[in-house]
Protein chains: 2
Amino acid sequence: MIRIKRLSTADADFTARLNSLLAFEAAQDESVERTVAAILSDVKARGDAAVIEYTRRFDGLSVDSMAELEVSQNELQAALAGLLSDQRQALEAAAGRVRNYHQRQTLQSWHYEDDGEDACGTMLGQKVTAIDRVGLYVPGGKASYPSSVLMNAIPARVAGVGELIMVVPTPAGEHNPLVLAAAALVGVDRVFTIGGAQAVAALAYGTQSVPQVDKIVGPGNAYVAAAKRRVFGVVGIDMVAGPSEILVICDGHTDPDWVAMDLFSQAEHDELAQSILICPDSAYIERVAAAMEKLLPTMPRRQVIRAALEDRGALIEVRDLDEACCIANRIAPEHLELSLLDAEDWVAKIQHAGAIFIGRYTSESLGDYCAGPNHVLPTSGSARFSSPLGVYDFQKRTSLIRVSQAGSRVLGRIAATLAYGEGLPAHARSAEYRVDS
Amino acid sequence: MIRIKRLSTADADFTARLNSLLAFEAAQDESVERTVAAILSDVKARGDAAVIEYTRRFDGLSVDSMAELEVSQNELQAALAGLLSDQRQALEAAAGRVRNYHQRQTLQSWHYEDDGEDACGTMLGQKVTAIDRVGLYVPGGKASYPSSVLMNAIPARVAGVGELIMVVPTPAGEHNPLVLAAAALVGVDRVFTIGGAQAVAALAYGTQSVPQVDKIVGPGNAYVAAAKRRVFGVVGIDMVAGPSEILVICDGHTDPDWVAMDLFSQAEHDELAQSILICPDSAYIERVAAAMEKLLPTMPRRQVIRAALEDRGALIEVRDLDEACCIANRIAPEHLELSLLDAEDWVAKIQHAGAIFIGRYTSESLGDYCAGPNHVLPTSGSARFSSPLGVYDFQKRTSLIRVSQAGSRVLGRIAATLAYGEGLPAHARSAEYRVDS
């Protein structure tokens with residue numbers, strides 16, 4: 001029997017139990033921090049030699065040069081050509097749909113002539129440009145996902161990023177042909193088979209062989225996350241992602257097998273993943289629980305699924321769907337399924353979620369692969385203040401200000417008054433020179 | 001004599017000297033880190049009691065309750081009413097212009113029906129919402145700036161943030177009436193006179209009196225910066241800002257006094273600020289140097305200005321203005337003045353800068369106070385990958401996906417193929433249920 005927590009908003013201790021269910025802070029392991037700090041400064045100082053040494057040690061590769069750690073464009077194209085035809089079609093269809101969605105996100109530059117009578121001839125605006133060079137971290141081994149390559153690389157390409165450098169560790173030397181094929185499909189410029197903190201350091205500081213990038217994106221283990229936090233400022237980084245989560249709000253009229261499998265689909269990621277069902281119908285909750293019991297033995301990853309469900313999962317009974325939406329906003333889930341009749345009507349009640357999957361036919365897994373929106377989403381409640389990965393993350397803005405001689409007389413007086421008030425006389429005089437000119 | 005560095009691109013060691021001029025990494029002081037970690041966990045555990053204790057200790061206030069550390073709306077309004085009329089007019093004019101500019105930044109929600117024949121009835125989109133509650137850190141003492149209140153609070157208000165909580169330390173108990181007036185003008189909801197890591201902790205975790213926020217913005221000292229880095233993830237934060245910088249590109253035809261004063265206006269911020277002039281005319285560079293000698297004795301903050309110019313400033317001679325733009329892109333300055341004839345024509349050559357001040361009449365100080373764009377800008381070369389503070393920082397996006405029954409048959413097959421390829425069978429089966437329905 002799966003020992004998944006049962007909560008009800010009717011219980012006196014509901015809020016406390018919900019808070020404890022959601023409490024998750026990534027442990028900051030001191031030994032990881034020390035190891036990472038040492039690797040970063042070593043790669044910064046010694047470049048390629050240090051990267052090669054760590055790759056030999058941690059990935060068990062017997063290589064002597066960085067050239068052996070770069071995958072050629074020929075190899076990438078060969079991986080793409082070698083795909084089974086249904087895989088290639090699926091990958092291309094997914095890439096096309098993801099590109100189509102993200103193209104709607106590009107910010108455009110704008111400017112305007114100031115229309116206030118006090119500032120004649122003043123032009124204000126913002127110029128939008130792409131980041132020059134981006135590093136894409138792709139995990140190696142069991143969590144090496146071609147879909148992650150698409151979801152990280154396509155928005156960068158749509159933004160107009162000049163050069164995409166991918167790193168992917170290959171412990172024991174085994175290349176993942178799907179990952180390489182995805183890299184070929186999205187036009188990654190260079191691929192190095194390095195990983196861990198040493199790969200993050202190589203991208204952040206540059207080495208003799210690895211070009212220095214301006215921003216590093218992509219998921220990784222605790223060492224990669226710690227390294228990204230530490231190089232933040234030298235380069236940009238994306239969010240440091242926590243475990244995956246799904247919240248399903250169901251009215252009790254979806255096939256219980258579907259909901260059970262949707263909950264499994266997050267739980268199979270890893271033991272820390274969180275799957276929660278909210279429903280006003282207690283009998284239906286039991287039907288989903290029964291479906292989980294029935295389906296679990298059929299799942300190849302059933303041990304991971306069970307651990308995740310028992311440790312972090314929950315079935316929550318609520319009074320009604322309004323209350324369900326309140327709790328969803330409290331959770332601010334990464335993925336929210338509205339498995340409801342007239343599901344679209346409920347979207348307006350959701351303030352905080354990474355992505356909303358609307359209606360019974362919209363399984364979360366469609367969004368993971370091919371619906372179009374990004375699958376890199378805010379976790380651990382950070383949808384309260386952050387957003388899905390997008391083209392925005394690969395563009396940047398520069399403010400534009402042009403003040404005419406006439407305008408500088410008006411604005412200069414305002415600026416000087418405020419600057420003197422702040423005790424910054426050089427600011428004031430710099431403005432006053434223009435006033436008096 | 002001001003010992004400011006002189007560089008020329010004609011020198012063999014130019015690149016090395018430029019790199020060493022720009023090298024700046026904020027020291028991560030271990031004792032600061034330990035102190036901050038202790039304060040954060042203490043405030044998290046004990047709430048108000050801990051905040052009061054640290055405020056007594058660090059700010060020298062003899063208070064016994066949080067109520068004594070909150071500024072009432074009456075006090076805020078009194079501060080606004082008590083302003084000199086020219087200051088009030090200047091503050092209102094600045095606020096109006098900043099609001100007008102930022103209103104053009106708001107992102108709108110959008111959605112579209114998928115037009116691909118493979119996905120009939122699929123709706124994709126993104127819903128844009130404001131962050132619920134934002135904390136605004138305002139430094140106390142000498143660097144307590146009303147303009148910072150405007151620049152941080154107005155984009156939040158324009159984004160539609162529900163509640164703005166401001167913290168500002170008052171060492172020795174002295175309130176800054178300009179800061180309080182600015183808070184009143186932009187409609188800050190609550191103000192607490194607390195600061196340091198204890199204020200960041202109170203905002204991030206909430207206490208009995210201080211409401212927990214979703215994001216913390218605003219500048220602060222090393223303790224505040226370290227605390228913000230540590231609570232990142234629990235709440236959102238803005239960038240951790242480095243010292244201020246100005247780069248002036250001049251064609252040699254601006255009054256040298258103007259350029260000298262523009263360089264001073266950054267240098268007066270603090271000893272680590274960076275002021276650089278790039279010019280193709282060596283005789284003009286000497287005229288600016290002479291103007292600096294002449295003007296420095298007239299500056300109240302001349303010791304700070306001198307230290308900044310001698311330690312981090314430079315006068316750089318280049319072959320031509322194209323080369324000047326190349327170097328500007330290498331530097332990616334926070335503030336870039338194009339003090340040039342037909343300055344607008346050169347904007348296209350600039351890829352990386354926080355803000356560009358176009359033409360001789362556009363002194364950087366106009367942008368600090370009242371031109372309209374934000375004065376919170378990326379420092380230390382981070383304009384390569386990040387952007388001015390804006391409405392964007394107070395909005396967030398939620399992806400919307402609605403797949404019809406017909407669409408789920410098409411998309412489900414694609415998703416299932418890719419999910420099996422990644423070894424995630426629950427993802428595949430969740431999609432297949434819909435295909436087979």
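Predicted model: local features only at pLDDT ≥ 70, side-chain atom pairs only at ≥ 80, totals over all residues.
View 1. Strand S13 (residues 335–339) of chain B pairs with S14(B) in the parallel sense over 4 bridges. Strand S15 (residues 395–402) of chain A also pairs with S14(B) in the parallel sense, over 4 bridges. B:Ile358 is the bridge partner of B:Leu338 and of A:Arg402.

**View 2. Strand S14 of chain A beside strand S15 of chain B.** Strand S14 (residues 355–358) of chain A and strand S15 (residues 395–402) of chain B form a parallel pairing with 4 bridges. Within this pairing, A:Ala355 stands opposite B:Ser399.

**View 3. A salt bridge between the chains.** The side chains of B:Glu344 and A:Arg402 meet in a salt bridge, with an N to O distance of 2.7 Å. Between chain B and chain A, the count is 8 salt bridges. A further count gives 67 residue pairs in polar contact, both residues being at pLDDT 80 or more.

**View 4. The contact between chain B and chain A.** On the side of chain B that touches chain A, helix H15 (residues 405–421) of chain B gives the most, with 10 residues. The residues of this side comprise 58 nonpolar, 36 polar and 29 charged. Chain B contributes 123 residues to the contact and chain A 123 residues. The two chains bury about 10900 Å² between them, of which 56% lies on carbon and sulfur atoms.

Terms used:
Residues numbered from 1 in each chain as written. Chains lettered and ligands numbered in written order. Heavy atoms only, no water. Pairing = 2+ DSSP bridges. Helix = DSSP H or I, 4+ residues; strand = E, 2+ residues; numbered from the N terminus. Contact = heavy atoms within 4.5 Å. Buried area = accessible area lost by both parts, 1.4 Å probe. Salt bridge = Lys/Arg side-chain N within 4 Å of Asp/Glu carboxyl O. Polar contact = N/O pair within 3.5 Å; in protein donor to acceptor, adjacent residues only side chain to side chain. Nonpolar A, V, L, I, M, F, W, Y, C, P; charged D, E, K, R; others polar.
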